[in-house]
Amino acid sequence: EPAAGARWFRMMRNIHPDHHFTAPRTFDVLDPNPRVVARKLLERTEFKPVPILNSLATAWIQMNVHDWFHHGENEEEDDNRHKVPLTEDDPLRNGQYADGVLRVRRTRLDRTRKQADG
């Protein structure tokens with residue numbers, strides 16, 4: 001699509017799932033648990049140096065990624081947050097998530113969506 005990324009052009013994250021999934025939506029976004037998947041893929045038990053990348057480069061990349069993919073502030077309502085259960089051995093349970101639930105704010109609603117869009 002030539003207009004992809006242009007202002008007011010709806011990208012996949014803003015399209016209703018019924019319009020881009022060919023099969024009926026029968027899955028749960030929390031299955032598999034995203035926290036368990038993230039810990040398995042990203043958690044480190046030891047420092048692994050990257051000799052070809054310095055700390056200025058990582059700060060620059062992080063700053064740009066936040067700029068490139070910012071869609072505005074997420075929804076604030078506490079009772080509408082995704083509730084991700086934490087496993088017993090999750091280190092987050094030692095702090096503010098002692099109740100075993102990670103609450104993640106939902107992406108803000110698409111204010112450009114019209115009723116006819118679905």
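This tour moves from the whole chain to a few selected residues of a predicted model.

**The whole chain**

Begin with the protein chain displayed as a cartoon. Its secondary structure consists of three helices and two strands, and from the N terminus the order of these elements is α-α-α-β-β. Next, switch to a surface display: the accessible surface amounts to about 10,300 Å², and carbon and sulfur atoms account for 56% of that area. Of the 118 residues, 13% are buried.

**Colouring by confidence**

Colour the chain by pLDDT. The average is 77, and 67% of the residues reach a score of at least 70. Select residues 17-20, helix H1, where confidence is lowest, with a mean of 62. Then select residues 34-42, helix H2, where confidence is highest, at 93.

**Pro 32**

Select Asp 31 and Pro 32 and display the backbone atoms. Pro 32 lies in the loop between H1 and H2. The peptide bond leading from Asp 31 to Pro 32 is cis, with omega near 5°.

**Glu 75**

Move along to the loop that links helix H3 (55-68) and strand S1 (82-85), and select Glu 75, which is located there. Is Glu 75 buried or exposed? Its relative accessible area is 12%, which is under the 20% cut-off, so Glu 75 counts as buried.

Although 30 residues separate Glu 75 and Arg 105 along the chain, their C-alpha atoms are 5.9 Å apart. Which residues does Glu 75 contact, once its neighbours within four places in sequence are set aside? They are Arg 105, Arg 106, Thr 107, Arg 108, Leu 109 and Arg 111.

**Arg 81**

Stay in the loop between H3 and S1 and select Arg 81, which also has its place there. The relative accessible area of Arg 81 is 19%; because this is under 20%, Arg 81 is classed as buried.

Note on methods. Residues are numbered from 1 along each chain as its sequence is written. This is a predicted model: local features need pLDDT of at least 70, side-chain atom pairs count only at pLDDT 80 or more; totals for chains, interfaces and linings use all residues. Side-chain values use heavy atoms; hydrogens and water are left out. Helices (H or I, at least four residues) and strands (E, at least two) are DSSP runs, numbered from the N terminus. Buried means under 20% relative accessible area, exposed over 50%, partly exposed in between (1.4 Å probe, protein chains only). Contact means heavy atoms within 4.5 Å. pLDDT is the predictor's confidence in each residue, from 0 to 100. Accessible areas come from the Shrake-Rupley method with a 1.4 Å probe; for residues, only the protein chains shown count as cover.
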